[in-house]
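I opened this notebook to record what I looked up in the structure. The entries below follow the order of my reading.

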Amino acid sequence: MATVDMAQVNKVYENGFHAVKDLTLDVAEGEFMVLVGPSGCGKTTALRMVAGLEDITSGTLRIGGKVVNDETPKERDIAMVFQNYALYPHMTVAENIGFALKLRKLPKDQIAAKVKETGEILGLTDWLERKPGQLSGGQRQRVAMGRAIVREPSVFLMDEPLSNLDAKLRVQMRAEVQRIQRRINVATFYVTHDQVEAMTMGDRVAVMRAGVLQQVNHPQNLYDHPDNLFVAAFIGSPAMNLYEATMTEDAAAVRIGSQELPLPAACRDEHPGLARYANKKIVVGLRPEHLPAATDTSTGPHLVGNVDLIEALGSELVIHFTIDARRVRAEGASSDDEDATAQHGEGVARVDPNTKVKVGERITFAVNTAGLQFFDTETEKAIWE
Amino acid sequence: MGNRKRTGWHRVINGVNISGFFVVLFIVLPLYWLIITSFRNPADLGSVQFWPNPWSGANYSQAFVQYDFGSYFIHSVVVTLCATALVLIFGTMAGYALGRLPMRGKFTLMVTLLMISLFPEIAVIAPLYTLLKDLGWLDSYQGLIIPYTAFFLPFAIWILRNYMLGIPKEMEETARIDGAGPIRTVWSIILPMALPGVFTAAIFTFTAAWTEFLMALTFNINLKTIPVGIATFGTPTEVPFGTIFAASVVAVFPIGVLVFIFRKFVISGLTSGAVKG
């Protein structure tokens, strides 16, 4: 078992592309660290540098306290699961799992015992003599993990291992991966572009964008206290509603379009930095679950919108609405298609399934101000102090 | 028109099937004629028969006894197998390097190989003869094996390189992480995965070497291979067609068997890498 420490690690390719910029990140023994971000953000490059499959341009990588920049993957004692599993198609499951042990020249009976044990952990006992082509996606995924864990590595690396699975299997395998990781209790780097995976699996989540680390924190802290606009927009599904707004002169309320939201004292105490933004433009963030439908007994600020679409999920209604304000999109946090179809002032709210509302009607939301987020329009950083 | 389904007798008797039948007939008929004629009595070859009556093995015994066809067969086997083996050994290594290793000048090398593979044999036969004569390699196995290897290697490299391109790079990365060195990776991982491409290159090289005529005729007088041997059957005034046909059937048989067994590799080997390029 070992820790992983990356200090100011950079990766610049021959063509000048700077893929990873000054990455400083550490993973403790047994910790499940998830690297998440949109495609091209540098997360896979970072993972490959830890694996030794990419050279480190500058900076230091330590595994177990030892600098390993110039060591081969074999010398680093890491194991990796690839997105497409990379199973050897001409070998049986048992041979795939035992290949690394065979290279270490372990005795045959020892290899057989370890393969059998690994097969039992992963539920592959009945499939050991089959070839990968005869297995389902989930089984191949487990073989790929088996091949990694049988080596008892110091570090476990996974590059989007679930992205080739269908949605239902992905949910199953998420739990499986976590179970296995807890069992082997090894520092784990897990790369994904799926923020739901990141939030549900990681002990800590590192959000990357354009090669730069945006924020590292426990999933819930990341969700509740995003450091900047990108993290706020990227983490959470449905995404946070972000609007251009203006603080009032006394900084006691925020104007979103034609509507004014008074900010309770508790909210202003939590964001004392708002006082500097009196009469200035800011960005306001509202999570969909912080916009319950107003009732007769609701108190506090309200927000009114026009209902465009209602998605009844059974446990809740997801209401797509529009207000007369300008929606803010964080570059890279949503897809180009989503940006292309965006108009002005759209929002999403999650309300009680019994809420009486129809498409085309106006709806009033009782804003949960405890969940409000505020961001500087220029630096895009969150406004706290 | 378009994709309407055919029903009844139209499913069998239609333009596509009739055309296909005549194309197949065009290809199969000469082969059929070759085989049945080889089993006819040599004295009866002046008449047309679609089925041997009586069946006779005289042509075969004449080929092996009178014309020493057995020796030609052995020479062909030795030369072809050796040339094929050398082509596969060097071709696999070159195909791997060109398909998977980072190296400068790949494009230039591939173009050069292509040019060599298009070179007409007749243009180099004279200088090759002189070279082999100086080496003392005329009328020898190596006098054919080495030139065959040189001539058939480019095409084999092309096939193998394209096939290797189709192998995901994660295979090598996984092997590296597992602890395999470069040689072990190629031997245990890449080669087994490239086996269909290897079979394809082997089939093409075997066929080319087995049927090569010009160099075999020019460089070897006594150590004849099958094509040259068959061409020298008979005299200027007497052409033993039956014996020639019998020897040809024996010559074609190994090729036919090999291509039939490995037919799926022939197609996949030619078309693999076509998408990734």
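**Chain B: contacts and folding pattern**

I began with the contacts in chain B between residues at least 6 apart in sequence, and I noted that 78% of them join residues at least 24 apart. I recorded that the model I was reading is a predicted one.

I then looked up the secondary structure of chain B and found 13 helices and 0 strands.

Next I turned to the dimensions of chain B. Its C-alpha atoms fill a box of roughly 70 × 70 × 35 Å along the principal axes. I noted a radius of gyration of 23 Å for chain B, whereas a compact globule of 277 residues would have one near 19 Å. Of the 277 residues in chain B, 33% are buried.

**Chain A**

For chain A I counted 11 helices and 19 strands. Its C-alpha atoms occupy a box of roughly 75 × 45 × 35 Å, again taken along the principal axes. I found that 41% of the 385 residues of chain A count as buried. Among contacts in chain A with a separation of 6 or more, 70% come from residues 24 or more positions apart.

**Where the chains meet**

How many residues of chain A are in contact with chain B? I found 17, and they touch 13 residues of chain B. On the chain A side, helix H2 (73–76), strand E6 (78–81) and helix H3 (93–103) are the elements that give two or more residues. I sorted the residues of this side into 13 nonpolar, 2 polar and 2 charged.

Definitions and conventions: Residues numbered from 1 in each chain as written. Chains lettered and ligands numbered in written order. Predicted model: local features only at pLDDT ≥ 70, side-chain atom pairs only at ≥ 80, totals over all residues. Contact = placed C-beta atoms within 7 Å. Helix = DSSP H or I, 4+ residues; strand = E, 2+ residues; numbered from the N terminus. Nonpolar A, V, L, I, M, F, W, Y, C, P; charged D, E, K, R; others polar. Buried ≥ 20, exposed ≤ 12 C-beta atoms within 10 Å, placed from the backbone. Rg over C-alpha atoms; globule rule 2.2 N^0.38 Å.
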